[in-house]
Amino acid sequence: MRRLIRILAIVCSCLLLVRQARGQSPLPPVNTNTPHARVVIVQDPEATDDFQPAPDKIQVMVDRGITNLTGKATVSAAWLSLVSTNDTVGLKVFSSPGPNSGTRPAVVAAVVQDLIAAGVPPRQIVVWDKRAVDLRLAGFYELEQRFGIRVLGSVEAGYDPEKFYERAFLGRLSWTDLEFGKEGPGIGRKSYVSKLLTHDITKIINISPLIHNNFTGVSGNLYSLAMGSVDNTLRFENAPAQLAEAVPEIYALPSISDHVALNIVDALVCQYEGQERSLLHYAAVLNQLRFSRDPVALDTLSLNEINHQREAAGTPAVKNNSELLPNASILELGISDLHHIDVETLP
């Protein structure tokens with residue numbers, strides 16, 4: 001390695017002498033146009049009471065966040081700059097931790113009310129996650145009755161045999177996977193995209209909670225959407241190196257990433273321990289909602305927050321999958337460098 005560095009130094013010196021001999025400037029100008037991500041954080045100390053959201057406060061926070069992020073004068077104009085009234089808008093939630101630690105129904109209800117007020121027909125609004133049973137236990141089916149929207153699981157919608165992510169890494173297929181029970185060469189190499197995304201939803205609003213994950217550090221925008229959109233994911237869950245590559249690569253599929261209009265982090269509460277279980281004694285109340293077009297920037301901030309809260313509680317830092325976020329940046333899904341994330345906090 002040292003020899004290689006010396007060789008590179010000699011080559012650079014030779015190039016410098018050549019440029020000087022030709023009367024050229026010693027070095028070409030440095031490109032300072034480094035991309036930056038923008039994140040808007042809205043906070044209200046009264047947004048929760050004993051971990052329970054205050055719906056009226058949440059509505060105001062959502063309205064302030066979306067108008068400030070988009071720079072639009074009205075709430076409806078802000079939403080219509082991201083989606084149209086012809087779209088079928090899928091609100092992706094993370095429901096398996098339940099209503100107290102997963103995506104909170106009150107946050108989703110505020111978004112639903114705004115979309116309907118902006119002219120999106122209720123039946124063209126879909127609250128979804130991987131499994132319908134998790135959505136039901138988390139209380140999302142109450143929104144179906146309240147607003148006339150749809151609440152669906154990607155598993156129950158079935159999987160599209162023409163749209164998939166392929167990787168030569170095999171695992172045990174689940175009964176819900178498209179290729180379960182099949183035999184032959186190549187079986188188990190593909191993760192198929194749900195028909196919910198290929199046949200129904202045209203725009204995705206990703207609403208994830210601020211909750212820790214044993215393998216990725218945070219069950220944020222990237223992990224939640226990627227693992228919720230395809231089948232045959234168990235093969236990645238206990239293989240950190242494979243997971244670090246699969247999550248951003250699945251998210252980057254055109255049938256998924258091309259339809260993401262907005263990412264919101266439900267940071268009312270930060271649960272820094274517990275994975276998908278609701279453990280509020282390992283949680284800190286932040287009373288924040290975070291908005292960005294950049295899922296990687298939001299996940300980077302979330303992971304940083306989780307480790308901050310763990311340090312404050314005297315808990316060891318998350319042994320997270322450090323390659324996932326940089327891999328996502330390499331695929332140009334967003335910014336993982338904290339120095340290039342511009343945060344605007346609204347009190």
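How many Å² does the accessible surface of the chain come to, and what share of it belongs to carbon and sulfur atoms? I read off about 16200 Å², with 53% belonging to carbon and sulfur atoms. Accessible areas come from the Shrake-Rupley method with a 1.4 Å probe, and for residues only the protein chains shown count as cover.

**Ground rules.** I am working from a predicted model, in which local features need pLDDT of at least 70 and side-chain atom pairs count only at pLDDT 80 or more, while totals for chains, interfaces and linings use all residues. Residues are numbered from 1 along each chain as its sequence is written, and side-chain values use heavy atoms, with hydrogens and water left out.

**Whole chain.** I looked up the secondary structure and found 14 helices and 13 strands. Helices (H or I, at least four residues) and strands (E, at least two) are DSSP runs, numbered from the N terminus. Of the 347 residues, 52% are buried. Buried means under 20% relative accessible area, exposed over 50%, and partly exposed in between (1.4 Å probe, protein chains only). I then looked at contacts, meaning heavy atoms within 4.5 Å. Among contacts with a separation of 6 or more, 74% are between residues 24 or more positions apart.

**Strands β7 and β8.** I noted that β7 and β8 pair in the antiparallel sense over 4 bridges. Two strands pair if DSSP finds at least two bridges between them. In β8, 4 of the 5 residues are buried. Glutamate 166 stands opposite lysine 190 of β8. The charged end of lysine 190 sits over the ring of phenylalanine 164, 4.2 Å from its centre. For this a charge counts as over a ring if NZ of Lys or CZ of Arg is within 6 Å of the ring centre and within 35 degrees of the ring normal.

**Lysine 92 and serine 224.** I found lysine 92 over the face of tryptophan 128, at 5.6 Å from the ring centre. Lysine 92 also turned up in the contact list of serine 224, which touches Lys92, Val93, Phe94 and Ser219 when residues up to four places away in sequence are not counted. Serine 224 lies in helix α9 and is buried, at 2% relative accessible area.

**Aromatic pairs.** Rings of Phe, Tyr and Trp (its six-membered ring) pair if their centres lie within 6.5 Å; planes under 30 degrees apart count as stacked, over 60 as edge-to-face and the rest as tilted. By this rule I get 4 aromatic pairs. One of them, phenylalanine 169 with phenylalanine 236, is stacked, at 6.2 Å centre to centre and 15° between the planes. Phenylalanine 169 is in the loop between β7 (159-166) and β8 (190-194) and phenylalanine 236 is in helix α10, so the pair ties together parts 67 residues apart in sequence. Phenylalanine 169 is partly exposed at 22% relative accessible area, whereas phenylalanine 236 is buried at 0%.

I next checked tyrosine 272 and tyrosine 282, which form an edge-to-face pair, 6.3 Å centre to centre with 75° between the planes. Both tyrosines lie in the loop between β11 (260-271) and β12 (283-292), so this pair ties together parts 10 residues apart in sequence. Tyrosine 272 is buried at 8%, and tyrosine 282 is partly exposed at 34%. Ring pairs also link Tyr165, Phe169 and Phe236 into a cluster.

Helix α11 (residues 240-251) has 12 residues and reaches 17 Å from first C-alpha to last, close to the 16 Å expected at 1.5 Å a residue. The expected span is 1.5 Å times one less than the number of residues. Buried residues of α11 include Leu243, Val247, Pro248 and Tyr251. An α-helix has 3.6 residues a turn, so residues three or four places apart point the same way.

Which residues does leucine 333 contact, leaving aside its neighbours within four places in sequence? The list is Leu222, Pro248, Tyr251, Ala252, Asp294, Pro295, Val296 and Ala328. Leucine 333 and proline 248 are 85 residues apart in sequence and 7.8 Å apart in space, C-alpha to C-alpha. Leucine 333 is in the loop between α14 (324-330) and β13 (341-346) and counts as buried at 16% relative accessibility.

**Positive phi.** Aspartate 50 has a positive phi of about 55° although it is not a glycine. Aspartate 50 lies in the loop between β2 (48-49) and β3 (52-53) and is exposed at 66%. Asparagine 232 also has a positive phi, near 55°. Asparagine 232 is in the loop between α9 (221-229) and α10 (234-237) and is buried at 1% relative accessibility.
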